[in-house]
Amino acid sequence: MNPEQPAPPPGPDRGTRAEDRPARLDVGVVGTGRVGPALAAALRLAGHRPVAASGVSERSRRRAAELLPGVPLVDPAEVLARADLVLLTVPDDALPGLVAGLAETGAVRQGQLVAHTSGRYGTAVLRPALRAGGLPLALHPVMTFTGTPVDVQRLAGCSFGVTAPEELRLAAQALVIEMGGEPEWIAEEARPLYHAALAIGANHLVTLVNQAMELLRTSGVEAPDRMLGPLLGAALDNALRSGDAALTGPVARGDAGTVSAHITELGDHAPRMVAGYLAMARATADRALAHGLLAPERAEDLLDVLSEGGRGQ
């Protein structure tokens, strides 16, 4: 690692002591998708030095050029040769093979920080790098990325799911804070469950929102985004503040007739959405029942409708 005296990053220090911040590091990025360049650009703002990146597609190369101007694009082994801190920002399924390959070819150096950004994995996936002398970190930003400079701004206040050996916790914390984030410690064995929770909350939300917009367009609404924006914003705020008490709508009320009409209309106009509607309605009914929002006597007719709707598909 570079022995230079750390220079203070711009902006508030947010409580990290100078002796706990890592020295200014040469940063390399393996995988210039949407995440890696944004994190490296944030580290550059904190005084670190992005020195190399690797990317395959033309789109990823353009993204690197925009977010990391002047940083050369080289092969992964050369990225590791130049960097004190390596960010492995590749898809989850590609990560184990990448780590194994880099370790087997001798690309990992003694004392080199090797961090991945996968939500699914902790540090166990980095064991080949650890055996080669690398220092493993799992730093997962809990944010959706666009691949544009706005991502760097969105890191301010963003939670990171962090897994690290005890002796590297201060370094991991410092790096996250320098990127503008807030570290949240996730146990190794809890990583898959943690990631499933985020997928349900964020990835499925995108699908639900776009399904809703599609149906509104079909029903004649010219600007479904304008219609949904205030509603969904209020629903999200209520859910975060009040939990299951925020449940509203025909399922939570036990309006079996309305739910039946929904299923019929979806069957006529968007049959591929029926299965998702039924699954979410059943899950909503279960939560409404468990929290006393849906009366058991009203739930019986509702669950019959949902069961019949499933059999009819």
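Reader: Which residue forms a salt bridge with R49, and how far apart are the closest N and O atoms?
Author: R49 pairs with D26, and their closest N and O atoms are 2.8 Å apart. A salt bridge here is a side-chain nitrogen of Lys or Arg within 4 Å of a carboxyl oxygen of Asp or Glu.

Reader: Where do the two sit in the chain?
Author: R49 is in strand β2 (residues 49-54) and D26 is in strand β1. They are 23 residues apart, and the pair links distant parts of the chain. Strands (E, at least two residues) and helices (H or I, at least four) are DSSP runs, numbered from the N terminus.

Reader: What kind of model is this?
Author: This is a predicted model: local features need pLDDT of at least 70, side-chain atom pairs count only at pLDDT 80 or more, and totals for chains, interfaces and linings use all residues. Residues are numbered from 1 along each chain as its sequence is written, and side-chain values use heavy atoms, with hydrogens and water left out.

Reader: Back to that pair. Is D26 buried or exposed?
Author: D26 is buried, at 17% relative accessible area. R49 counts as partly exposed, at 26%. Buried means under 20% relative accessible area, exposed means over 50%, and partly exposed is in between (1.4 Å probe, protein chains only).

Reader: How many salt bridges are there in the whole structure?
Author: A search finds 11. One of them joins D84 and R109, with the closest N and O atoms 3.9 Å apart.

Reader: Why does that pair tie together separate parts?
Author: D84 lies in the loop between α3 (76-82) and β3 (85-88), and R109 in the loop between α4 (95-104) and β4 (113-116), so the parts they tie together are 25 residues apart in sequence. D84 is buried at 8% relative accessibility. R109 is partly exposed at 32%.

Reader: What does D255 pair with?
Author: D255 forms a salt bridge with R298, and the closest N and O atoms are 3.0 Å apart. D255 is in the loop between α10 (250-253) and α11 (256-269), while R298 is in helix α13, 43 residues apart. Salt bridges that share partners also join R253, D255 and R298 into one network. R298 is partly exposed, at 39% relative accessibility.

Reader: Helix α13 again. Where does E300 sit?
Author: E300 is in that helix, which covers residues 296-311. At 53% relative accessibility, E300 is exposed.

Reader: New topic. What does the side chain of T32 reach?
Author: It reaches the backbone oxygen of S60, at 3.4 Å. T32 sits in the loop between β1 (26-30) and α1 (36-45). T32 is buried, at 2% relative accessibility.

Reader: How many helices and strands does the protein chain have?
Author: It has 13 helices and 7 strands. Buried residues make up 41% of its 313 residues. Its C-alpha atoms fill a box of roughly 70 × 40 × 40 Å, taken along the principal axes.

Reader: What separation is there between G133 and R282?
Author: Their C-alpha atoms are separated by 50 Å, and the residues are 149 apart along the chain. G133 is in the loop between α5 (127-131) and β5 (135-141). G133 is buried, at 9% relative accessible area.

Note on methods
A polar contact is a pair of N or O atoms within 3.5 Å; within protein, one must be able to donate a hydrogen and the other to accept it, and residues adjacent in sequence count only if both atoms are side-chain atoms.
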